[in-house]
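Dear colleague,

Please find below the structure that I am handing over to you. My notes on it follow directly after.

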Amino acid sequence: MTDAPLSAPGAGIGRSGRVAHLSRHARATVGPVLLVVAALVALWYLACIPMNAQNAVLLAEREDIAVTPATAAERRDMGGLALTFANPAVATARAFAQERPRLPAPHQVLTELWNTTVGVAPTSKRSLLHHARITLVPTLIGFALGSLAGIALAIGIVHSRVMDLSVMPWAIASQTIPILAIAPMIIVVMNSIGVQGVLPKATISAYLSFFPVTVGMVKGLRAPAPSDLDLMRTWNAGPARTLLSLRLPASIPYLFASLKIAVAAALVGAIVGELPTGAVAGLGARLLAGSYYGQTVQIWSALFAAAVVAAALVAAIAALERLTLRRMGLAR
Amino acid sequence: MRVRLRSAATSAVLFGGLLVVLGLLAGAAPRIPALAALALLLVWALAWQANRAFSLTDARIARVACPVLFGLTLLLLWQMAVRLFDVPSVILPAPTEITVAIAANLPTLWADFVQTILKGALGGWLIGCTAGVGTALLVARSGFLRRGLLPVGNFVAALPIIGTAPILVMWFGFGWESKAAVVVVMVFFPVLVNTVAGLSDSEAMQRDLMRTYGATPGQTLRYLALPSALPFLFNGLKIATTLALIGAIVAEFFGSPTLGMGFRISTEVGRLNLPMVWATIVVAALTGSLSYGLVARLERRLTFWHPSQQARG
């Protein structure tokens, strides 16, 4: 760190303090992050060689290239690493461009992602954008409903001792159970009473985002210091006024923290909700169809698309959080 | 206080008596929707009143009685609603039917439990947590790696990792090994991120003190960094227990041998045998709460000195 401290005299000359702060922060994290990501990608490429060795050697044999255990029967029980060391040139040359590799190389996944997003019309059934939209709509609807219900329940819990004592333990306990397991049941049961499409998936998403928001908001609405609550009382403020002017503003940081968890959970819920309907459409359906037909590249690209959607959703909420907190003067 | 307690007890007894009467009625009464709805409302109002009475009593009794009463009320309302409105069991089975299903299928449920929880979830949890803590111990030694890995780990922890399930099932086969692998992947990053954050939580003053004592890096780790990391580590472990169950169950939706809790749920749903599905879900819920409780108990034993544990009294 050769940069002068932000508070040093003259530190801001030539660039504003904020820019200096940003650039210094960037230098401290961007370099290491890039290096870690690069290392992961390199590891991935390396792993491709032994993972795909079995298939690579088979391909080479079909092209009449001599491979060291000459028959397939001998090769069957060999590990990928042993096979790679037996035929280093063959295994390396054919590891990164197979049709159905056990582990597709990063560039294969990126090419598939590019081909299925930019390469085809967004309305086509082959387009990942189309599938992402089908997953995203119930995610957002469920997330909105679940969060609103969670906030409402939290307000009730904070204001009523009976609700606090009777509902809160169940809300906390429900976070320890694998709620996702009931997703197939919700889909099938709603299907059997004639509800299909967006609503069953949105129900799962709502259910999954409901509890984190409830628990987080209860913590947040209780965040004001006792002295602040006493001050409201000395001003003769009723519960509604205290809620609006003190409790809700104080709970905003907690709200955003739990919203980030909730939106990620809602997306997982929508993806898992697509599994039992038999892989019709959506990112979850792409995952399942890929695993039915052994289309590994398709699985990986669907996985990356889901990751991008999740990251975008969390980033959107984080941006909203920064904006709100800055407006409220709470930003650090 | 005693008067209140007595009134609470009285209302509880009243409530119980009324339940019996209503239960008998529910069996015999002609199924009139309006009457049924009225009965449901009546039970709800009475139970809520009893709960309110309890909530005004001694804190320790209320803390146990209120949630238990609330849970029982929900169960009762569920049972009554199913019986009074004649809900078919392919949509929502009554709690009694679920209990019967549990009792009748104990061997199956136990086999599923062994396959999914003891082999898949527990195996993966142990491997994933060990790997996460081990990596964290290595990473925490270098500030560079920490700055690089923490954002990446946080990013990965927010991704829908369950999507790796089809890939891992393809690699490791349909057996419990692939489920354990999914659990390892799901559990690794939350544990890693929390442990790294915890290991760097000790204050500069404390680290300086260790240096003035001439402590070796090993001693610093043993007496300063590890204890101060424990609250964070347990936070990660608690997240990991829930994730492990989810991972092990959902991974079975992508392919499994003919046993396991995820397999049971997906096949019995397909056969519209809902009581069995609910029975499996009950087992999963109990397992989740118990394993979380175990980790929380261990946490209280090991981090009794931490403010968050002392506040609870």
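The model is predicted: local features need pLDDT of at least 70, side-chain atom pairs count only at pLDDT 80 or more, and totals for chains, interfaces and linings use all residues. Residues are numbered from 1 along each chain as its sequence is written, while chains are lettered from A and ligands numbered from 1 in the order in which they are written.

Chain A

Chain A contains 14 helices and zero strands; helices (H or I, at least four residues) and strands (E, at least two) are DSSP runs, numbered from the N terminus. Along its principal axes, the C-alpha atoms of chain A fill a box of roughly 90 × 70 × 40 Å. The radius of gyration of chain A, taken over C-alpha atoms, is 27 Å, well over the 20 Å that the globule rule (2.2 Å times the number of residues to the power 0.38) gives for 332 residues, so the chain is more spread out than a compact globule. Buried residues make up 39% of the 332 in chain A; a residue is buried if 20 or more other C-beta atoms, placed from the backbone, lie within 10 Å of its own. Of the contacts in chain A with a separation of 6 or more, 73% are between residues 24 or more positions apart, a contact being two residues whose C-beta atoms, placed from the backbone, lie within 7 Å.

Helix α13 of chain A

Eight of the eleven residues of α13(A) are buried, so this helix is largely enclosed by the rest of the structure. Among the buried residues are A:Leu283, A:Arg286, A:Leu288 and A:Ser291. Their cover includes α7, α12 and α14 of chain A, together with α7 (165-172) of chain B.

Helix α7 (residues 128-159) of chain A packs against α13(A) at an angle of about 125°, with the axes 7 Å apart. Axes are lines fitted to C-alpha atoms, for helices over the stretch in contact, and angles run from 0 to 180 degrees between N-to-C directions. The two helices are therefore oblique to each other; angles under 35 degrees count as roughly parallel, over 145 as roughly antiparallel, 65 to 115 as roughly perpendicular and the rest as oblique. On the α7(A) side, A:His131, A:Ala132 and A:Thr135 meet A:Leu283, A:Gly284, A:Ala285 and A:Arg286 of α13(A).

Chain B

Chain B has 13 helices and zero strands, and 41% of its 313 residues are buried. Helices α11 (residues 261-270) and α12 (residues 274-302) of chain B pack at an angle of about 155°, with their axes 8 Å apart. That makes α11(B) roughly antiparallel to α12(B). Residues of α11(B) in this contact include B:Met261 and B:Ile265, and those of α12(B) include B:Met276 and B:Val283.

Contact between the chains

In chain A, 47 residues are in contact with 47 residues of chain B. The largest share of the chain A side, eight residues, comes from α8(A). By class, that side has 38 nonpolar, seven polar and two charged residues; Ala, Val, Leu, Ile, Met, Phe, Trp, Tyr, Cys and Pro count as nonpolar, Asp, Glu, Lys and Arg as charged, and the others, Gly among them, as polar.

Yours sincerely

Notes:
A residue is buried if 20 or more other C-beta atoms lie within 10 Å of its own, exposed if 12 or fewer, and partly exposed in between; C-beta atoms are placed from the backbone.
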